[in-house]
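Try each task before reading its solution.

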Amino acid sequence: MSNIYFIGDPHIGHRNIIKYRGMFGHKTELEHRQWIMDNWQSVVKPRDKVFVMGDAAFDVESLAEFGKLHGTKVLVRGNHDDRFNAKDALEYFEDVHGMIKYKKLWLTHCPMHPNELWGKVNIHGHVHTNTVNDPNYYNVSAENINGTPISLEQLRINIAENAEEFKLTGKIKHG
C-alpha cells in the first residue's frame, strides 16, 4: 500500500537557507540539504507519492537531487521555482502544477485568498514560520514539519485538531 505525503519549501541549493533555518543547527547548505533528504528517505517509500508545495530547488543542478529521493513526486510550483523550467522539473517530478484540487484540499505554494477556499482546506508552504491562524489553512513549510514530509493521514488528524483547538482558543495547534 502506498502513502501520500506533503512538504513545502525544501529550498535545495539555496546558499543562504541556514540564515532562515538556524533553529535546526545546520552550518552549511549541504548539511541542510542532507537533513531534508535523510528525513524524506526516513518516511517515504518507493511506491509513495509526495506533493512538494513549491520552492523545491534553487537551480537545475540542485533539482537533480529529487531524482535520488524515494517516491513519485508532484511539484506545485513556488516563487523560487522560476530558476528552472517545467521541462527540467519533469525529469524528476511526475507532474508540475500551479495549484491542485486534491481530496477536498487545495494544494498551493502560497496561502489562497479565503474567498477561494470553497469549503476546502488549503495545504501550502511559502510563509515558512508565519503560519495563518485559521483552521482552513495548513502550512507544510519544512520549518513546521521538522523537515520531514507529513502523511495525508497525519495531516487529516492535525487539521481536525486545529478545528477543535480553534473553536476552544481561537488559535490553531499545528501548521
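This is a predicted model: local features need pLDDT of at least 70, side-chain atom pairs count only at pLDDT 80 or more; totals for chains, interfaces and linings use all residues.

**Exercise 1.** Find which strands pair with β2, and in which sense.

Solution. Start with strand β1, residues 4-7: four bridges link β1 to β2, residues 49-52, and the two run parallel. Within this pairing, Ile-7 has Val-52 as its bridge partner. Next take strand β3, residues 72-76, which pairs with β2 over four bridges, again in the parallel sense. Here Phe-51 stands opposite Val-74 of β3.

**Exercise 2.** Locate Thr-148 and decide whether Thr-148 is buried or exposed.

Solution. Thr-148 lies in the loop between β8 (137-139) and β9 (150-151). The cut-off for buried is under 20% relative accessible area. Thr-148 has 17%, so Thr-148 counts as buried. Its contacts, leaving out residues up to four places away in sequence, are Ile-7, Asn-39 and Val-43. Phe-6 is 142 residues away from Thr-148 along the chain, yet their C-alpha atoms are 8.8 Å apart.

**Exercise 3.** Describe how the buried and exposed residues of α5 are arranged.

Solution. Helix α5 spans residues 152-169 and reaches 25 Å from first to last C-alpha, close to the expected 26 Å. Its buried residues are Leu-152, Leu-155, Asn-158, Ile-159 and Asn-162. Viewed down the axis of α5, these fall within an arc of 110°, so they line one face of the helix. An α-helix has 3.6 residues a turn, so residues three or four places apart point the same way. The buried residues of α5 pack against several strands, including β1, β7 and β9. On the face turned away from the buried side are the exposed residues Glu-153, Lys-167 and Leu-168. After α5 comes Gly-170, with a positive phi near 80°.

Technical notes. Residues are numbered from 1 along each chain as its sequence is written. Side-chain values use heavy atoms; hydrogens and water are left out. Two strands pair if DSSP finds at least two bridges between them. Buried means under 20% relative accessible area, exposed over 50%, partly exposed in between (1.4 Å probe, protein chains only). Contact means heavy atoms within 4.5 Å. The expected span of a helix is 1.5 Å times one less than its number of residues. The arc is that of the directions from the helix axis to the C-beta atoms.
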